[in-house]
Each structure stands twice: as structure tokens, then as C-alpha cells.
Amino acid sequence: MLLYFLITCLSFFFFTKSLSLPPWASETKTLLSFYFIENPFMNTLHQTTHDPASPVLDQMSVLDLPELALDCILDLLPPSGLCSMARVCSSLRERCVSDHLWEKHLKTKWGKILGPAAHREWQSYISSSTYHLDSPHPKTGNLGFAKVISLIRSLSSVFRDDKQRRGYASSLPLDSSMSCYLSLETGRFWFPAQVYNRENGHVGFMLSCYDAELSYDTHTDTFLARYPPHGRRAAAVEKGVTWDRIRAAPIDASPHHLYVSDSLKELKPGDHIEIQWRRNKEFPYGWWYGVVGHLESCDGDLNHCHCQLSETVVLEFNQYTVGSRWRRTMVMRDHKEEGNEEDGFYGGIRKLNCKEEVAMWKRHWPCSILE
């Protein structure tokens with residue numbers, strides 16, 4: 001095991017000495033150098049490898065490493081590092097575009113905000129005639145690109161050069177994890193998700209979550225959100241949406257469909273919920289946060305509370321001031337959709353059993369009580 005480790009570290013160390021690589025490679029080389037200097041045994045071995053009588057390790061490259069060792073090195077590289085390494089040679093390119101390497105990066109950065117609807121949209125997107133990885137992006141035009149876009153263009157040139165040299169098609173598969181990651185990273189792919197407190201915290205949407213199409217802006221590390229039109233209202237566009245305001249839709253269904261509640265019978269005071277609400281029948285539903293309250297006939301003493309036995313459930317929206325018409329509403333346990341054109345329509349109810357979901361709502365609590 002020790003010999004295996006030495007060959008792996010030394011090979012990668014000498015390989016990086018002969019290349020002009022990005023910062024991640026320099027940092028790796030620095031760490032290895034520090035290890036050699038601080039460890040007397042390793043330092044002695046390092047000096048030995050530079051003896052004219054033992055030039056073998058000096059002539060090794062990263063491709064001489066065992067398969068497992070090379071895979072481990074590539075697995076530790078960030079996306080920009082994989083793009084750079086893919087430009088070294090065709091052998092490394094084939095390894096660096098592998099799905100098993102990019103799936104991890106895709107899940108780590110994008111996994112929490114990509115739901116089933118986003119995956120379906122991606123399949124539709126790559127099958128369309130408008131999908132081109134290296135085409136100019138409408139948000140950046142010809143004014144300049146972020147580092148990752150430069151890497152994509154460089155990588156695309158590698159594929160084109162390889163095609164000319166070898167005489168057959170060689171390109172990044174459209175349905176690969178790398179294609180998906182890079183399309184998200186550059187903002188070319190608009191994906192469906194939901195946004196908390198839409199339209200820069202517009203008072204009419206506080207503590208709600210609405211469906212939108214999102215495009216990432218790598219320059220600002222934020223998103224552009226495009227909301228569908230509501231009734232006669234034109235589509236709204238919001239800039240600068242931060243990561244903490246986005247989630248994958250909890251229900252894989254159209255925002256125009258009523259959610260069939262499966263927890264109405266068990267709701268009791270203190271439970272956290274989110275409920276569908278829409279202004280009128282033409283609008284899509286948004287999700288609104290609330291808690292289950294006590295009936296007016298109940299004094300709130302848990303030892304004597306019988307609210308769970310009632311066919312009526314009280315829902316409280318404590319972001320609104322006491323006395324506001326939006327503060328409380330009541331629904332029946334056989335509830336489907338209730339409401340009117342004045343107060344809107346209350347749809348399906350989800351009981352929140354996940355503490356992270358509740359914490360997410362509380363992080364978006366308004367700074368002051370709403371009227």
C-alpha cells in the first residue's frame with residue numbers, strides 16, 4: 001500500500017511540474033511538496049528519485065498511474081479542473097467527460113433545486129433544434145464570458161480539432177451529465193422550480209412560494225426568474241433571485257392542479273402546513289405557509305384540547321396582524337377547494353413533517369407584521 005501511495009503521489013507531482021495548469025493544480029502540487037518536505041522519509045525518497053541512476057519516476061506521467069489512482073484524482077477535481085484536464089489529450093478527455101464524474105457535481109450544486117419537472121424539461125430541451133452548447137448566450141452576447149464559459153469554448157475546440165484529426169464525429173453527448181451541468185452553469189437552460197417571496201419580496205407574496213422558470217447568472221451567482229402570466233396580468237420577470245429563495249416543487253404537478261390532501265384527518269393545533277391559494281380560477285396556485293390553530297371555543301390548554309376531534313380546522317397565517325382578514329381561515333376536514341372571488345380560493349394542504357422545510361419558511365419571515 002505504501003509503494004502504491006508513493007507512485008501515485010510522485011507521478012502526479014512530476015506530471016504537474018511539466019504543465020501550465022489552473023490554480024487547483026498548483027495548490028495540489030504545493031500540498032504534495034509540503035508533505036515531502038515535512039516528512040523525512042518522503043523527503044529522502046524524493047531526493048532519491050532525482051538521482052541520475054534512478055530516472056524512472058521522473059519519466060512517468062499521470063496516464064501511467066493505475067486506473068483506480070487516476071480515477072481518484074479526477075474525482076477530486078472541481079468542474080473547472082475537469083474541463084482543463086480534458087484539454088490535455090484525447091485519453092484524458094474521454095475520462096473527464098464521464099457521467100460518473102459529473103453526476104456528483106450536478107447533484108452537489110443543483111440537486112436541491114432540480115425536481116422531476118426540471119429533468120423532464122431537460123430531456124425536452126436537448127431534443128429541440130435550438131440546443132447548442134457553444135452558441136452565444138443572450139445574457140452575455142459578445143461582451144465577455146465567465147471563466148467556465150471560456151473553458152466550455154476551449155473544450156468545444158478540442159472536440160472540433162479531434163474530429164478533424166481522426167476523421168469521425170467526436171462531441172460531448174447531449175444527454176450527458178456534463179452537458180446538463182454546463183447548460184445550467186451558463187444559464188442557457190431555463191428550468192422549472194419554485195421561488196419564495198416572489199418579485200423582490202412584494203408585500204402581496206410574503207411567505208408564499210410560486211412556480212417560475214429560472215436561468216442562472218454565473219457573474220452574480222443569482223438567478224433570473226420568469227413567472228407565468230396570472231389571469232390578464234403579463235408575465236413578470238425578477239432579477240437577482242438568490243439560492244436560498246429557490247426550491248424544487250414539492251408536488252410533481254401543474255400549479256393549476258388541486259393537490260389532494262392526505263393528512264387532513266390528522267391535523268392538530270401546532271402543526272406546520274403549507275396550503276395552495278389562488279386569487280381566482282384563472283390564476284395558478286401558489287403555496288402559502290401557516291400553522292394549525294385552536295378553535296375559538298378552545299382555551300388552548302393542550303390537556304383539555306379537543307380541536308383534533310372537530311370537523312373544522314383553523315389555519316393561522318401569523319405573518320399578518322391580529323384582526324386582518326388574512327390572519328385566519330377555517331376549512332373542513334373533507335376540504336377540497338374553498339373560497340370566493342373576494343378572498344381567493346384555498347386549495348390542497350400539505351402537512352410539513354420535515355424540520356428543514358419549516359426552517360426554510362421561517363428564514364423568509366417578513367421583517368414586520370403585514371396588515
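**Figure 1. The buried residues of helix α10 in the predicted model.** In this predicted model, the buried residues of α10 are Ser177, Met178, Ser179, Cys180, Tyr181, Leu182, Ser183, Leu184 and Glu185. The helix is mostly covered, with 9 of its 9 residues buried. Just after α10, Gly187 adopts a positive phi of about 80°. Helix α10 (177-185) is itself part of what covers the buried residues of α8, the subject of the next view.

**Figure 2. Helix α8 and its buried side.** Helix α8 spans residues 116-127, 12 residues in total. From its first C-alpha to its last it reaches 17 Å, close to the 16 Å expected at 1.5 Å a residue. Ala118, Trp122, Tyr125 and Ile126 are the residues shown as buried in α8. Because they cover an arc of only 85° around the axis, these residues lie on the same side of α8. An α-helix has 3.6 residues a turn, so residues three or four places apart point the same way. The cover over the buried residues of α8 includes α10 and strand β1 (191-196).

Figure 3. Within helix α12 (residues 355-363), the buried residues are Val358, Met360 and Trp361. They cover an arc of only 155° around the axis, which puts them on the same side of α12. The face turned away from this buried side carries the exposed residues Lys355 and Arg363. Packing against the buried residues of α12 involves β1, β2, β5, β6 and β7.

Figure 4. Cys209 is found in strand β2 and, at 0% relative accessibility, counts as buried. Setting aside residues up to four places away in sequence, Cys209 touches Gln194, Val195, Tyr196, Arg247, Gly286, Trp287 and Trp361. One of these, Trp361, is among the buried residues of α12. The view also includes Tyr289, which is 80 residues from Cys209 along the chain. The C-alpha atoms of Cys209 and Tyr289 are separated by 8.6 Å.

Figure 5. Leu207 is found in the loop between α11 (198-201) and β2 (208-217). The phi of Leu207 is near 60°, a positive value in a residue other than glycine. Leu207 is buried, with a relative accessible area of 0%. Asp221 is placed in the loop between β2 and β3 (222-227). Although Asp221 is not a glycine, it has a positive phi of about 55°. With a relative accessible area of 38%, Asp221 is partly exposed.

**Figure 6. The largest cavity and its lining.** The model contains 3 cavities of 30 Å³ or more, and about 50 Å³ of space lies in the largest. The lining of the largest cavity is formed by Leu267, Lys268, Pro269, Val292, Gly293, His294, Leu295, Cys307, Thr312, Val313, Val314 and Arg333. The elements that give two or more residues to this lining are β7 (286-293) and β8 (312-316). Strand β8 gives the most, with 3 residues. By class, the lining comprises 7 nonpolar, 3 polar and 2 charged residues.

Figure 7. Val260 lies in the loop between β5 (246-247) and β6 (272-278). Its relative accessible area is 68%, and Val260 is accordingly classed as exposed. Val260 and Gly348 are 88 residues apart in sequence. In space, the distance from C-alpha to C-alpha for this pair is 5.7 Å.

**Figure 8. The protein chain as the setting of the close-up views.** The protein chain has 12 helices and 11 strands. Of its 371 residues, 46% count as buried. Among contacts in the chain with a separation of 6 or more, 62% are accounted for by residues 24 or more positions apart.

Notes
Residues are numbered from 1 along each chain as its sequence is written. This is a predicted model: local features need pLDDT of at least 70, side-chain atom pairs count only at pLDDT 80 or more; totals for chains, interfaces and linings use all residues. Side-chain values use heavy atoms; hydrogens and water are left out. Helices (H or I, at least four residues) and strands (E, at least two) are DSSP runs, numbered from the N terminus. The expected span of a helix is 1.5 Å times one less than its number of residues. Buried means under 20% relative accessible area, exposed over 50%, partly exposed in between (1.4 Å probe, protein chains only). The arc is that of the directions from the helix axis to the C-beta atoms. Contact means heavy atoms within 4.5 Å. On a 1 Å grid over the protein atoms alone, a cavity is a set of points where a 1.4 Å probe fits but cannot get out, and a pocket is an open set with protein on both sides within 12 Å along at least five of seven lines; lining residues have an atom within 4 Å of a point. Grid points are joined across faces, edges and corners, and a volume is the space filled by probe spheres set on the points. Ala, Val, Leu, Ile, Met, Phe, Trp, Tyr, Cys and Pro count as nonpolar, Asp, Glu, Lys and Arg as charged, and the others, Gly among them, as polar.
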